[in-house]
Amino acid sequence: MRSSPPHAVRSASRPARTVALVTAARAAALVTAALPSPAAANGVFPSADQIVFDPADPARAVARMTYGLLTTRDGGASWRWICEGAVGYDDTGGQSPPIAAATSGRVLAALTDGIAVGTEGGCTWARAAELAGREVIDLSVRPGDPSHVVAVAAGTRHGLWASRDGGASWTSAGTPLPEGFLARTVDIAPSDPRRVYVSGLASEGGSVKGVLARSADGGETWQTAAVPGSTTSREPYIAGVDPLDADVLYVRIASAPGRLFVSTDGGAAFAPVFATEGFVRAFAISPDGATVAVGSDVDGVFRAPSSTLVFERVSSVAPRCFAWTDSGLYACASEFLDGFTIGRSLDGGATFEPLLQQSCIRGPLECAASTAVGAVCPTDWPRIALMTGHRDCTPDAGSPAAGSGTSAVSTGATGAGGGGAAAASGGGPASAAGAGGSPGVPGGGAPPSGGARPSEEGCGCHTGGAEEGRAGAVAAACLAAAAAARRRSRRAGVIVRGVLG
């Protein structure tokens with residue numbers, strides 16, 4: 001059991017980041033208005049907010065987008081689209097299904113009417129018969145044992161379900177969650193398959209508060225504890241469980257200002273470890289458990305040794321999700337602010353190598369016409385191509401391919417002049433306690449430099465037809481406006497720091 005963590009770290013970088021965010025939001029609105037109405041991506045600007053990796057093949061990954069799923073089979077060098085209709089949901093109703101990658105190449109999606117199970121590389125989708133018609137709120141695959149999956153489903157009382165064959169079949173597990181408990185997230189401890197955590201809301205004494213339900217016996221019995229500062233408007237979400245210690249877990253508050261808490265006693269009590277003016281949208285623990293990364297849409301990327309939880313700001317990238325594997329720290333980001341939608345860092349989040357720019361999506365996943373994807377997705381692809389400003393990103397002579405690592409985003413506190421993620425020699429996360437930094441920077445680290453943005457020529461793109469060219473031009477203009485806004489905000493921040501001394 002680890003010692004109690006230090007007090008929360010509050011970022012001092014809100015004004016500059018907020019200016020950039022507001023400007024980018026306005027630019028995004030201009031792009032949406034300039035394109036035909038189908039390009040609105042279900043009313044949400046196109047982005048990624050979750051990425052999962054095939055446990056048997058790290059080159060295979062699936063990303064959840066605001067317009068379906070994207071899949072890669074070559075480590076992010078190319079991406080293909082899986083439409084919502086093939087999976088079995090429609091995001092116009094606000095669905096954003098949690099996804100997971102399990103054994104035998106299965107991809108699972110938690111829907112309002114069951115669990116969709118994707119096979120044949122994502123071409124074929126079917127519902128898990130045992131959960132048909134039930135709202136599945138969240139699911140989790142146990143790291144190290146991808147055949148073991150748990151899910152939490154709604155009903156008269158919310159309850160736990162388990163699969164021991166990677167989602168092919170399901171059984172109700174243990175006893176229902178406490179009466180009146182409304183689940184939000186579920187996680188299973190990597191080091192103990194019987195340790196299960198569920199976050200949610202519960203009514204007590206006429207008020208609703210955020211709580212964590214925990215089970216040490218696979219759901220047979222449950223105990224609950226309040227999560228500090230959480231309510232109906234500030235719901236608690238499990239951020240992660242330590243890969244080596246089942247008693248250590250992290251819970252984030254889904255609101256702004258955002259907060260991150262840690263428990264070192266199996267969820268009985270919590271202590272604050274991180275605070276931000278924006279949302280805590282991204283969180284990850286390194287595979288060896290030594291380092292924790294957290295991301296804010298306002299303050300950027302922070303990193304800390306898990307032994308101290310003293311956070312240092314290492315990048316101004318605004319992550320929407322993290323996934324940390326042996327191959328690196330992967331992030332979903334805003335293409336308008338950060339120049340990529342999915343990127344990989346080999347230095348613990350200081351710099352990111354762009355792996356996905358949405359205009360470079362290759363098209364629908366190539367599947368037989370008899371499959372769900374082959375039958376449904378090709379007819380809807382023109383709308384997605386227009387929305388993303390689709391271009392031919394096939395590399396040509398003298399032009400590097402997307403995701404080749406030749407154009408890394410260098411925004412870290414220590415990596416401004418570094419050569420990017422692809423040039424990093426160590427590959428492992430740095431462990432910084434924040435000593436010797438500049439005044440006003442959380443954790444004592446040096447302020448992020450801003451660094452170089454990705455090259456506009458990084459994916460060797462060639463503009464397609466007239467509509468595609470117009471969409472791409474507007475998007476490019478928006479990127480330029482956002483970049484200019486960030487430069488202005490950084491200059492303003494330098495002036496303010498100079499005045500304040």
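The torsion about the S-S bond is -80°, and the link of Cys83 and Cys377 is left-handed. I note that the model is predicted, and my values are computed from it.

**Entry: Cys83 and Cys377**

I counted the disulfides and found four in the structure. For the pair Cys83 and Cys377, I read an S to S distance of 2.2 Å. I then placed both ends. Cys83 sits in the loop between S4 and helix H2 (84-87), and Cys377 sits in helix H4. Cys83 and Cys377 are both buried.

**Entry: Cys123 and Cys367**

I moved to another disulfide, the one that joins Cys123 to Cys367, with S to S at 2.0 Å. Its S-S torsion is about -80°, so I write it down as left-handed. Cys123 is in the loop between strand S7 (114-119) and strand S8 (124-127). Cys367 is in the loop between strand S28 (351-356) and H4. This pair also links distant parts of the chain, at 244 residues apart. Both Cys123 and Cys367 are buried.

**Entry: Cys360 and Cys393**

I read 2.0 Å from S to S for the disulfide of Cys360 and Cys393. The torsion is about -70°, so this disulfide is left-handed. Cys360 lies in the loop between S28 and H4, while Cys393 lies in the loop between strand S29 (391-392) and strand S30 (409-410). The pair therefore ties together parts 33 residues apart in sequence. Why do I call Cys360 buried? Its relative accessible area is 9%, and the cut-off for buried is under 20%. Cys393 is buried as well, at 6%.

**Entry: helix H4**

Does the span of H4 agree or disagree with its 17 residues? At 1.5 Å a residue I expect 24 Å, and the end C-alpha atoms are 23 Å apart, which agrees. I also looked for a bend. There is a kink of about 45° at Trp381, shortly before the proline Pro382. Trp381 is among the buried residues of H4, as are Val373, Gly374, Cys377 and Ile384. Just after H4, I found Gly389 with a positive phi of about 65°.

**Entry: the cores**

I asked which residues have the most contacts inside the largest nonpolar core. They are Ile51 and Trp81, in a core of 42 residues. Helix H4 (residues 372-388) gives the most to this core, with six residues. I listed partners for Ile51, leaving out residues up to four places away in sequence. Ile51 touches Ala61, Val62, Ala63, Trp79, Cys321, Ala323, Cys332 and Ile342. Another core lies apart from the largest one. That other core has 18 residues, including Val152, Phe181, Ala183 and Ala202.

**Entry: Ser78**

I finished at Ser78, in the loop between strand S3 (68-72) and strand S4 (80-82). Is Ser78 buried or exposed? Ser78 counts as buried, because its relative accessibility is 17% and buried means under 20%. The side chains of Ser78 and Asp74 make a polar contact of 2.5 Å. Beyond neighbours within four places in sequence, I found Ser78 in contact with Thr71, Thr72 and Arg362. Arg362 is 284 residues from Ser78 along the chain, yet their C-alpha atoms are separated by 6.8 Å.

Technical notes: Residues numbered from 1 in each chain as written. Predicted model: local features only at pLDDT ≥ 70, side-chain atom pairs only at ≥ 80, totals over all residues. Heavy atoms only, no water. Core = buried A, V, L, I, M, F, W, Y, C linked by side-chain atoms within 4.5 Å. Buried < 20%, exposed > 50% of the residue type's maximum accessible area, 1.4 Å probe, protein only. Helix = DSSP H or I, 4+ residues; strand = E, 2+ residues; numbered from the N terminus. Contact = heavy atoms within 4.5 Å. Polar contact = N/O pair within 3.5 Å; in protein donor to acceptor, adjacent residues only side chain to side chain. Expected span 1.5 Å × (residues − 1). Bend = angle between axes of the 7 residues up to and from the residue. Disulfide = S-S within 2.5 Å.
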